[in-house]
Amino acid sequence: MPELPEVETVCRGLVPFLEQRILQEVDVRRADLRQPFPDQLQQRLTGRRVQRVHRRGKYYIWDLDDGMCVLGHLGMSGSWRIHTAQDGQPAIGKHDHLVIRTDRDDTLTYHDPRRFGVLLLVSSNALPGHPLLRSMGPEPLSDAFDGSILVQAFSRRRTPVKVALLDQGVVAGIGNIYASEALYRAGIAPDRPAHSLDERECRFLAGAVQSVLSDALDSGGSSLRDHMQVNGELGYFQHRFAVYDRMGQPCPDCTCDHTQGGGVRRIIQAGRSTFFCAMRQR
């Protein structure tokens with residue numbers, strides 16, 4: 001599933017082509033994704049001006065000029081692709097489920113082979129209280145997030161700290177990849193009970209979350225399977241993973257000997273793979 005850096009990368013890529021543009025033509029090419037498209041989606045989007053493109057957690061949001069918002073999730077394989085007017089008309093494939101042409105003749109295509117994505121229309125007034133967003137914690141790259149947030153969130157949690165980080169009510173947008181990478185940077189074992197972290201460790205972990213997300217954004221996100229930027233390029237943060245998906249390999253910043261049973265280890269937590277270094281992370 002795409003996490004904060006992947007969704008933010010997509011939003012930043014869409015901004016030059018969508019913000020203050022009119023959706024001139026809208027072609028809805030099937031009835032549903034993970035759930036049905038909104039009723040009369042084609043008619044309700046056609047002619048609307050997009051005032052702002054932004055993100056909340058792992059969801060992208062387009063603010064429209066009629067007081068409505070497009071609220072979307074990319075699912076496991078969704079991507080938005082841009083073809084400019086200079087590129088000519090794109091070839092439309094069977095997995096291209098929504099095609100939009102703007103008043104500048106740019107074409108935006110939503111491509112989703114697995115169809116686990118979501119696209120809804122929500123009133124801007126109702127957006128903060130929408131079931132998908134209302135329980136979401138602070139944005140980790142905002143001024144509202146720091147170690148004190150984690151101290152408060154973890155104080156009574158006996159679940160492993162990795163599992164607590166995946167709770168979108170604690171902090172928005174973090175998934176399996178960046179939770180593992182942040183815990184490695186902070187030197188904290190993923191199976192420690194969340195409530196056992198002291199203020200200093202929570203401060204280090206908050207800083208590690210912010211640094212790993214910022215580095216991933218600079219790299220265009222991580223392309224493990226389906227994620228790509230709107231220009232068709234892949235992200236490349238996967239080449240900078242310290243622990244994720246590196247079981248048995250040496251750690252980049254410590255002296256554990258992977259030839260003697262050290263190096264990156266893998267455990268399962270809440271049904272997800274967690275990667276860590278037992279020597280560095282305590």
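Mentor: Two strands pair if DSSP finds at least two bridges between them. Strands (E, at least two residues) and helices (H or I, at least four) are DSSP runs, numbered from the N terminus. This is a predicted model, in which local features need pLDDT of at least 70 and side-chain atom pairs count only at pLDDT 80 or more, while totals for chains, interfaces and linings use all residues. Residues are numbered from 1 along each chain as its sequence is written, and side-chain values use heavy atoms, with hydrogens and water left out.

Trainee: How many bridges pair strand E9 with strand E10, and in which sense?

Mentor: Strands of a sheet pair through backbone hydrogen bonds, either parallel or antiparallel. Here E9 (residues 264-269) and E10 (residues 272-277) are joined by six bridges in the antiparallel sense. Arg266 has Phe275 in E10 as its bridge partner. Two residues lie between the strands of this hairpin, and Ala270 takes a positive phi near 50°.

Trainee: In what order do the eight strands of the open sheet lie?

Mentor: The order is E5-E7-E6-E1-E2-E3-E4-E8, with antiparallel pairing. Strand E5 (79-83) and strand E8 (118-123) are the edges, each pairing on one side only. Inside the sheet, E1 (residues 21-28) runs antiparallel to E2 (residues 49-56), and two bridges join them. Arg21 has Val50 in E2 as its bridge partner.

Trainee: Where is Ser77, and is Ser77 buried or exposed?

Mentor: Ser77 sits in the loop between strand E4 (68-73) and E5. Its relative accessible area is 3%, so Ser77 is buried (buried means under 20%, exposed over 50%, partly exposed in between, with a 1.4 Å probe and protein chains only).

Trainee: What does the side chain of Ser77 make a polar contact with?

Mentor: A polar contact is a pair of N or O atoms within 3.5 Å; within protein, one must be able to donate a hydrogen and the other to accept it, and residues adjacent in sequence count only if both atoms are side-chain atoms. The Ser77 side chain makes such a contact with the side chain of Asp112 (2.7 Å). The side chain of Ser77 also reaches the backbone nitrogen of Arg114 at 3.0 Å.

Trainee: Which residues have the most contacts inside the largest nonpolar core?

Mentor: A nonpolar core is a set of buried Ala, Val, Leu, Ile, Met, Phe, Trp, Tyr and Cys residues joined through side-chain atoms within 4.5 Å. The largest has 38 residues, and Leu150, Phe154, Val161 and Leu205 have the most contacts inside it. Helix H6 (199-218) is among the elements that supply at least two residues each; H6 gives the most, with eight residues. A second, separate core of 29 residues includes Phe17, Leu18, Val53 and Leu74.
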